[in-house]
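Please look through the sequence and the model shown here.

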Amino acid sequence: MRNRKGLEDMAEDKKKQLPPGILLRKDGRYQARYTFNGKRYTFYGKDLKEVQKKLRDAKYEIEHGIYAKPDRVTVDSWYKTWLKEYRINVVRETTLISNEKSYKHIKPEIGHMKLQAVRPEHIQKVLNGMKREGYSDGYIDNTRQVMNMLFHQALMNGIILTNPVERSILPKARSEEKEENTHRRALTEQEQAAFLECVAKRKPFYADIFYVGFSTGMRIGEINALEWKGIDFDRMEIHVNGTLIKTVGKEYRKGPVKTGKSKRTIPLLPEIARRLKRHRADQAELRLMLGDRWEPAKGLEHLVFTTMFGKPLLTLSVGRYIDSTVNAVNREEEKKAAAEHRKPDQMETFCPHAMRHTFATRALERGIPPKVVQSYLGHSTIDVTMNIYTHVTAELEREEIRKIANQF
């Protein structure tokens, strides 16, 4: 009897210590009430901290007009709330654009569904559908990450009890060899020379973007955003200070570089300077010839590389030029091989980022110090550079040990 009275006294003391508006129910759960504009809202939690968090979050959402009862929240409505309240003031604009692009794949499948009704199989359907449509493994993974953040925040806010994304799996990735060939490979010197020779013949107006890519290590977005004022022909320098952004609304603009270190100055090689001066003259002549049909994007009237009508050049377009040029190189190689009665040496296609990878590989192979290569590439730390190019440094180390071996 005495023990029971002691427990009742402890419970009573616990109730007295509760913040205003929160009470302890007989079933052991905490209950919080909040009234706004004459309407009462009630929240429950297993412990005091949980119910206090629910109350804080709900107060904010109610006062800002974005609150909805958990069982009525759709994925679409929650996505808009998540984007506005948890992303816009936290991440870079380029990340927001990436989130929006990923959500375009999510919306058709589950956007209309109640957040609480989404199950792992619904998430899996989104991922499998992207795989069937041929999207890259990295892009599918990125879309899954967006869904995970979206549902994790809903879990933290008490809207759902479990995160369905955690119980989904990524579709089987492409083979590492194929991934390496397209994304993380460096062209040989012979491949690079053959490609540049071919692209200069087939697409002379676009050829210089590849010469710049292979000779500077700039990211493709940085090259596409390069303006004439960013090239100092007197000092023989290229000033990298932005990246091309295409918003979800199909508008173009120059955004900030990836990191603080990405804003940098790169030496301009004499041969590249000559090509760029000729390119500038060709562009001016084309602009004059087209007149009103030359239509640059607003605020991007002085880009170095554009389409034939002055519009910004997209990474997707650059990738297509690469594919068609590689095909042309291979067709020419097949003719030579047939005439010489040998098997043709076929070139694998590559993505625009491979130009940056090729530049860094050539630089390290020629003994340029890694710290200098880091500054050219705009990596945030030397560790980033070395982790990416360990295969190059490993080969260089083998070459050095061979020099010692030759002494014996």
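Two strands pair if DSSP finds at least two bridges between them. Helices (H or I, at least four residues) and strands (E, at least two) are themselves DSSP runs, numbered from the N terminus.

This is a predicted model, in which local features need pLDDT of at least 70 and side-chain atom pairs count only at pLDDT 80 or more, while totals for chains, interfaces and linings use all residues. Residues are numbered from 1 along each chain as its sequence is written, and side-chain values use heavy atoms, with hydrogens and water left out.

The protein has 16 helices and eight strands. Of its 408 residues, 41% count as buried; buried means under 20% relative accessible area, exposed over 50%, and partly exposed in between (1.4 Å probe, protein chains only). A contact means heavy atoms within 4.5 Å. Among contacts between residues at least 6 apart in sequence, 59% join residues at least 24 apart.

Three strands form an open sheet in the order E4-E5-E8, and their pairing is antiparallel. Strands E4 and E8 (264–267) are the edges, since each pairs on one side only. E4 is joined to strand E5 (residues 237–240) by two bridges. Ile 231 stands opposite Ile 238 in E5.

Helix H2 covers residues 48–63. Its 16 residues, at 1.5 Å a residue, should span 22 Å, and its end C-alpha atoms are 22 Å apart, which agrees. The expected span is 1.5 Å times one less than the number of residues. Buried residues in H2 are Val 51, Leu 55, Asp 57, Ala 58, Glu 61 and Ile 62. The elements that cover them include strands E1 (22–24), E2 (30–36) and E3 (39–45), and helix H3 (75–86). At the start of H2, a side-chain oxygen of Asp 47 comes to within 3.2 Å of the backbone nitrogen of Lys 49.

How many disulfides does the structure hold? It holds zero, where a disulfide is counted as a pair of cysteine sulfur atoms within 2.5 Å.

| Residue | Relative accessible area |
|---|---|
| Cys 198 | 13% |
| Cys 351 | 16% |

Confidence is given as pLDDT, the predictor's confidence in each residue, from 0 to 100. The mean for the protein is 84, and 86% of its residues reach 70 or more. Confidence is lowest in helix H7 (residues 176–183), at a mean of 46, and highest in strand E4 (residues 231–232), at 96. Over residues 176–182 pLDDT stays under 50, and the model has 10 contacts beyond four places in sequence for them.

Terms used:
A polar contact is a pair of N or O atoms within 3.5 Å; within protein, one must be able to donate a hydrogen and the other to accept it, and residues adjacent in sequence count only if both atoms are side-chain atoms.
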